Amino acid sequence: MEAAKITPMMQQYLRVKERYRDAILFFRLGDFYEMFFEDALTASRILDIALTSRNRNEASAVPLCGVPYHAAEPYIRKLLEAGHKIAICEQVEDPKLARGVVQREVVRVITPGTVTEADALDARGNNFLAAVSGGANGFGLALADITTGEFRATSVAEEQSLFDELERVRPSEVLVAANERAMRARMEKRFPRIHLTEVAEALFSEAPPAPSAGAARLRRESAADRAALAILNYLEENAPESVRVLREVERYQASNYLVLDEVTRVNLELVANLAGERKGSLLAVLDRTVTPMGARRLKHWILYPLLDCGRIRERQRGVQHLLDSYPLRENLRAALRNVQDLERLAGRAVTGTATPKDLVAIKLSLEGVAEVKACLVAAGGEILPNAIGELSELPEVVALIAKGIVDDPPFVLKDGGYIRPGFDPELDRLRAARADAKDWIARFEAAERRRTGIQSLKVRYNRVFGYAIEVTKANLKAVPPDYIRKQTLVNGERYITPELKEYEAQVLNSQTLIEKSESALLAKIREDVAARYDALKRTSVALAALDALLSLAETAASEHFVRPQVHDGLDIRINEGRHPVVEAAVGRGAFVANDCFIDPESDQILLLTGPNMAGKSTYMRQVALIVILAQMGSFVPAASASVGVA
């Protein structure tokens with residue numbers, strides 16, 4: 001495009017795009033996000049939307065496509081799934097007050113690991129952003145889910161162990177330093193579906209701009225801490241508000257859990273079958289959770305079985321207590337059905353993206369928490385001894401949202417009407433003035449009909465032309481001289497009068513003031529809810545654990561699982577064991593139960609014989625699954641079982 005022909009708006013676009021070359025720029029123009037040049041060509045192909053052009057009749061035509069700004073989430077999700085980065089460029093000043101080109105700025109950069117929109121997330125799974133760092137003594141791996149606040153880091157000695165851990169958590173995006181080209185090449189080959197993002201090496205060593213998530217305690221000589229620094233710095237650059245959601249980094253060792261390499265996890269079909277689907281997996285058999293938080297926690301328990309007999313028995317006691325009381329299980333499930341994804345809802349309040357519907361969901365969830373807590377108190381606190389203290393009903397938050405937000409707010413903020421009448425006197429005054437406008441227009445129309453004698457005269461509102469008096473062609477001779485023609489129609493004319501024009505300005509101004517007032521009040525309510533984030537987070541963690549335990553109890557009751565003995569020895573004794581996934585597929589009674597006895601002193605080896613399809617591999621997988629179930633604190637499919645912790 002020739003410099004002389006570049007409009008001021010396109011000059012602005014090109015300046016912004018220069019800073020975000022690696023992203024598809026969503027450039028806000030009115031009610032649309034527009035994309036230009038290569039971005040438009042890429043987006044139109046992936047999104048299957050029409051490609052048009054600016055200056056289409058000139059040699060310098062610019063490819064162009066766009067999507068509605070209020071319905072952009074599905075399009076953003078599709079571009080992310082295709083491996084692209086999105087930069088959202090918004091209008092940051094009122095177009096009505098702008099002199100020249102409306103000021104625009106990139107307010108957020110969205111990558112696969114920084115998505116927060118509910119529609120773009122798997123409610124029952126985490127969305128991890130990972131960072132990998134190399135070192136003389138091994139590798140560091142950090143993981144963060146900015147929708148739940150989880151933030152943890154680990155060190156491993158070998159690259160294979162690093163890759164196994166990446167396979168276990170399946171992050172959406174992995175940050176790799178620009179100087180680690182060889183590692184990136186190996187990762188691209190191993191993980192073709194994971195989005196790898198090359199970042200500056202400095203992100204792994206510089207202190208983040210704002211101290212957060214325990215950044216001051218991160219040590220640059222630790223590979224794990226360097227990976228955590230990279231995540232904090234990357235988020236500060238691309239989604240700074242999300243850093244407030246992260247907890248202090250939790251250091252963990254994969255060796256503190258049952259070691260399960262990728263081949264084992266795939267062949268045992270722990271969270272997905274061999275085709276990559278949830279159906280036919282151990283998770284599908286066990287998952288009776290009610291909340292998304294509980295579903296995510298249960299999946300984590302399956303992938304990270306415990307090695308500590310004390311922690312295993314603590315979970316078993318919770319499952320046993322729930323199993324022994326059907327009424328308690330039913331009451332808890334009923335209460336939990338009122339709890340939505342409080343973990344992610346609280347995170348959106350902190351980042352300032354919570355909608356009025358999100359806030360109402362927080363209120364309803366906290367009311368459900370009160371019911372859950374009442375059930376636990378009545379049960380004597382034997383399920384999760386610490387849960388009662390962790391659960392906070394936050395009545396002040398419930399009261400604030402109930403007072404400030406209507407029960408059924410609109411999906412689109414622009415529609416307004418989400419702040420409850422009576423919450424703010426000034427907003428009520430503005431709304432009353434707007435309501436009076438309808439009566440004023442009706443009175444004005446009636447008066448003009450009497451004055452002109454034109455009974456078909458109507459006062460209409462058009463978003464482009466504003467208020468106008470419509471007169472049909474048959475009555476044009478009766479139009480008074482003070483009417484000012486505004487627009488010619490097929491069947492008549494549109495007019496205005498000074499009085500109507502003056503009132504139009506008042507009405508439109510009141511609407512603008514209402515929108516600003518509602519937006520400011522919503523932001524204040526968000527801030528007040530966000531101030532209770534720590535309590536909301538602790539509540540979410542306790543609810544997730546309770547829901548996961550309840551799921552294990554429901555499975556034990558319906559599938560006739562028993563409580564195994566776990567010990568620090570090496571022997572495994574299973575009486576009438578069954579393969580949980582196969583049994584779920586063929587039906588109870590159709591699977592032939594069998595025993596297993598392994599002891600290092602007397603029975604070190606079992607020899608399995610038989611033709612193909614006789615069930616040898618099923619038997620081996622069955623024993624492995626029973627061990628995993630036992631070590632995650634679950635009951636097992638057997639008449640009895642004693643399992644030495646593997």
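This is a predicted model: local features need pLDDT of at least 70, side-chain atom pairs count only at pLDDT 80 or more; totals for chains, interfaces and linings use all residues.
Strand β15 is joined to strand β16 (residues 492–496) by four bridges, and the two run antiparallel. Strands here are DSSP runs of E with at least two residues, helices are runs of H or I with at least four residues, and both are numbered from the N terminus. Two strands pair if DSSP finds at least two bridges between them. Residues are numbered from 1 along each chain as its sequence is written, and side-chain values use heavy atoms, with hydrogens and water left out.

Strands β15 and β16 belong to an open sheet of four strands, in the order β13-β14-β16-β15, with antiparallel pairing. At its edges are β13 (458–462) and β15 (484–488), each of which pairs on one side only. From one strand to the next, the twist averages 40 degrees; axes are lines fitted to C-alpha atoms, for helices over the stretch in contact, and angles run from 0 to 180 degrees between N-to-C directions.

Another open sheet of four strands has mixed pairing and the order β17-β20-β18-β19. Its edge strands are β17 (565–567) and β19 (594–598); each has a single partner strand, so one side of each is left without a neighbour in the sheet. Here the twist averages 15 degrees from one strand to the next. The partner of β17 is strand β20 (residues 640–644), paired in the parallel sense over three bridges. Within this pair, V566 stands opposite V643 in β20.

A further pair is formed by strand β5 (residues 86–91) and β6, which are antiparallel over six bridges. The bridge partner of I88 is R108 in β6. Five of the seven residues of β6 (residues 104–110) are buried, so this strand is largely enclosed by the rest of the structure. Buried means under 20% relative accessible area, exposed over 50%, and partly exposed in between, with a 1.4 Å probe and protein chains only.

Now the chain as a whole. It has 20 helices and 20 strands, and of its 646 residues, 51% are buried. Its C-alpha atoms fill a box of roughly 110 × 60 × 50 Å along the principal axes.

The structure holds zero disulfides, a disulfide being a pair of cysteine sulfur atoms within 2.5 Å. For C65, the nearest cysteine sulfur is that of C89, 15 Å away. C65 is buried, with a relative accessible area of 2%. For C596, the nearest cysteine sulfur is that of C309, 18 Å away. C596 is buried too, at 4% relative accessible area.

Rolling a probe the size of a water molecule over the atoms shows where empty space is left. A search of the whole structure finds two cavities of 30 Å³ or more. On a 1 Å grid over the protein atoms alone, a cavity is a set of points where a 1.4 Å probe fits but cannot get out, and lining residues have an atom within 4 Å of a point. Grid points are joined across faces, edges and corners, and a volume is the space filled by probe spheres set on the points. The largest cavity has a volume of about 40 Å³ and is lined by T116, I146, T147, G347, R348 and T351.

How values were computed
On a 1 Å grid over the protein atoms alone, a cavity is a set of points where a 1.4 Å probe fits but cannot get out, and a pocket is an open set with protein on both sides within 12 Å along at least five of seven lines; lining residues have an atom within 4 Å of a point.
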